[in-house]
Amino acid sequence: MAGVESFTGTGLLLGTHTPRLDEKGRLILPAKFRARLAPGLVMTRGQERCLFLLPMDEFGRMYEQVRQAPVTSRQARDYLRVLLSGASDEVPDKQGRISIPPVLREYAGLDRDVAVIGAGTRVEVWDRAAWESYLAAQESAYSETAEQIFPDLAF
């Protein structure tokens with residue numbers, strides 16, 4: 001069984017960080033995430049009113065999966081439209097900053113205080129108060145969910 005070290009060496013994105021957006025709507029990426037996102041990323045709408053920051057290779061993989069759905073599927077068309085219509089490709093500057101377009105800041109309700117979380121293969125950007133509220137609501141069901149989703153997982 002592989003240890004966490006082997007996963008983090010491949011760019012697994014982990015942790016919670018609480019930076020602030022500057023007056024121009026720029027986010028300084030947490031240092032932990034910069035190497036994985038430095039070559040470029042796609043920022044788009046996520047679920048639960050957060051933003052997804054996906055490394056280019058991960059976005060490509062995700063897009064290919066969605067693209068394989070039949071064009072006759074209304075759900076697939078709707079999902080692809082929402083995903084791509086808000087997407088913005090970004091390359092962090094030398095200070096590790098990216099600009100969050102106004103339409104995406106509005107979608108996620110971002111003002112100044114944000115939570116930036118590593119979610120494995122992507123980074124999520126949340127309004128800090130919304131993240132804290134979401135996390136508090138989810139923590140109570142966390143252990144029960146683990147049993148339902150991963151019945152054979154042992155800790």
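**Briefing: a sheet and its helices**

Strand S4 (residues 51-55) and strand S8 (residues 123-127) run antiparallel and are joined by 3 bridges. One of the residue pairs to look for here is Phe-52, whose bridge partner in S8 is Glu-124. Please keep in mind as you browse that this is a predicted model.

**The sheet**

- S4 and S8 belong to an open sheet of 6 strands, and the pairing in this sheet is antiparallel.
- Reading across the sheet, you will meet the strands in the order S1-S7-S8-S4-S3-S5.
- The edges are taken by strand S1 (16-17) and strand S5 (88-90); each has a single partner strand, so one side of each lacks a neighbour in the sheet.

**Helices on the sheet**

- Helix H3 (residues 56-67) lies across S4, S5 and strand S3 (41-45), and its direction is at about 105 degrees to S4.
- Helix H6 (residues 128-139) also packs on the sheet, where it touches S1, S8 and strand S7 (114-118).
- The direction of H6 makes about 105 degrees with that of S8.

**The protein as a whole**

- Of the 155 residues in the protein, 34% are buried.
- The protein exposes about 9800 Å², with carbon and sulfur atoms supplying 54% of that area.
- Among contacts with a separation of 6 or more, 62% are between residues 24 or more positions apart.

Definitions and conventions
Residues are numbered from 1 along each chain as its sequence is written. This is a predicted model: local features need pLDDT of at least 70, side-chain atom pairs count only at pLDDT 80 or more; totals for chains, interfaces and linings use all residues. Side-chain values use heavy atoms; hydrogens and water are left out. Two strands pair if DSSP finds at least two bridges between them. Helices (H or I, at least four residues) and strands (E, at least two) are DSSP runs, numbered from the N terminus. Contact means heavy atoms within 4.5 Å. Axes are lines fitted to C-alpha atoms, for helices over the stretch in contact, and angles run from 0 to 180 degrees between N-to-C directions. Buried means under 20% relative accessible area, exposed over 50%, partly exposed in between (1.4 Å probe, protein chains only). Accessible areas come from the Shrake-Rupley method with a 1.4 Å probe; for residues, only the protein chains shown count as cover.
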